[in-house]
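Morning, everyone. I have one chain to walk through today, and I'll keep it brief. Please bring up the sequence and the model.

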Amino acid sequence: MSNALAIAHVTQALAVLIESNLGGPELDLAVKMELGKPPTEPPSEPTISVFCYQVTPNVSQRGNDLPTRAADGTLRKRPAAALDLHYLISAYGEESELVGERLIGSVVRTLHEIPILPKDVIERAGEKPYLAGSDLAEAAQRVRFTPTVMDIDETSKLWGMLHQTPYSLSVVYQAALVFIEGRETPVPAKPVERTDVRVLPFGAPGAPVPPGSAGAGTGETGTGAGEASGSAEPVVPAAEAASKAVAKPAARSSAKSAARTAAKAPAATRKAAQPIRTAKAAKAAKRAAKPAPPTADNKVTNDKSGNADGGAEN
């Protein structure tokens, strides 16, 4: 978190970061750094201007500090505004020697190579007298610079806001994330003075309802809940329920293992276990299914029954 000087500190640190990385064999120029709007009159000497043209709230972190106060108005935690800073970086120089292009190339290389603002650069920028009270160097969140893509229409609108300022070759970067913290000190929460831990068996007054009982889900406790609901289902103790729950998966696993063993048995063994049905056995079965021929005893019995019926009719 940072105080109200965070925006100015980031702008100054960005200028220090670009200026400290301008040297090299490909750019042997004495470059002047300017903070603020691009000049209305293009300077003749090589110049880079850094201009913070917009400050917007960060959408992803905008509501993370809510709520900041309790119901009675007491400050719970210090509010912090999450911001994104938008910078316009322009380059000026002799056009015949492509000084502007060379300077923009150096700026892009520096911010692509070092996208996160280093702590030593922040400390060097904080040496300015107008940034003496800034605490950006102690902030846990580091500022990252990301290039912003702008088409011709957006670029013309941006430069149109700069009254009577001729366009110059420039790039746009977004700096995120910058926090500006409030000034009030939150009231510390009261420490825990006493802890109350109770252990109650199922059925005792105030104890939770055992799982699966009749009173579960009704808000009633103990054995009285089962009696009030009128259910005849007994309450299963927790230990017995746990043993049954363990036994069922064990039985299923043993049945599955037996089925796998039977499936893996040789084909000859499975054939031996099946009944052997030969042609002779099939014929014997057919003969047994046919009705038996009448015998002499059966004929005598039938005759007697027939005569008896006839006599009765007469």
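**Two residues and the chain around them**

Let's start with glutamate 101. Its place is in helix H2, which spans residues 99–113. Keep in mind that this is a predicted model.

Together with Glu94, Glu95 and Glu97, Glu101 forms a patch of negative charge on the surface.

Now the second residue, asparagine 58. Where does it sit? Look at the loop between strand E2, residues 47–57, and strand E3, residues 80–92. Asparagine 58 has a relative accessible area of 9%. The cut-off for buried is under 20%, so asparagine 58 is buried.

What does asparagine 58 touch? Leaving out residues up to four places away in sequence, the list is Ala82, Leu83, Asp84 and Leu177. Take aspartate 84 from that list. Aspartate 84 lies 26 residues from asparagine 58 along the chain, yet their C-alpha atoms are 5.6 Å apart.

Now step back to the whole chain. There are 9 helices and 5 strands. In sequence order, the pattern reads α-β-β-β-α-α-β-α-β-α-α-α-α-α.

Contacts next. Count those between residues at least 6 apart in sequence: 73% of them join residues at least 24 apart.

Last, the surface. The chain has 314 residues, and 25% of them count as buried. It exposes about 21400 Å², with carbon and sulfur atoms supplying 57% of that area.

That's my tour. Over to you.

Key: Residues numbered from 1 in each chain as written. Predicted model: local features only at pLDDT ≥ 70, side-chain atom pairs only at ≥ 80, totals over all residues. Heavy atoms only, no water. Patch = residues over 30% accessible without salt bridge, like charges linked within 9 Å, V, L, I, M, F, W, Y side chains within 5 Å. Areas by Shrake-Rupley, 256 points an atom, 1.4 Å probe, with all protein chains shown as cover. Salt bridge = Lys/Arg side-chain N within 4 Å of Asp/Glu carboxyl O. Lys, Arg positive; Asp, Glu negative; His and termini not counted. Charge placed at Lys NZ, Arg CZ, Asp CG, Glu CD. Helix = DSSP H or I, 4+ residues; strand = E, 2+ residues; numbered from the N terminus. Buried < 20%, exposed > 50% of the residue type's maximum accessible area, 1.4 Å probe, protein only. Contact = heavy atoms within 4.5 Å.
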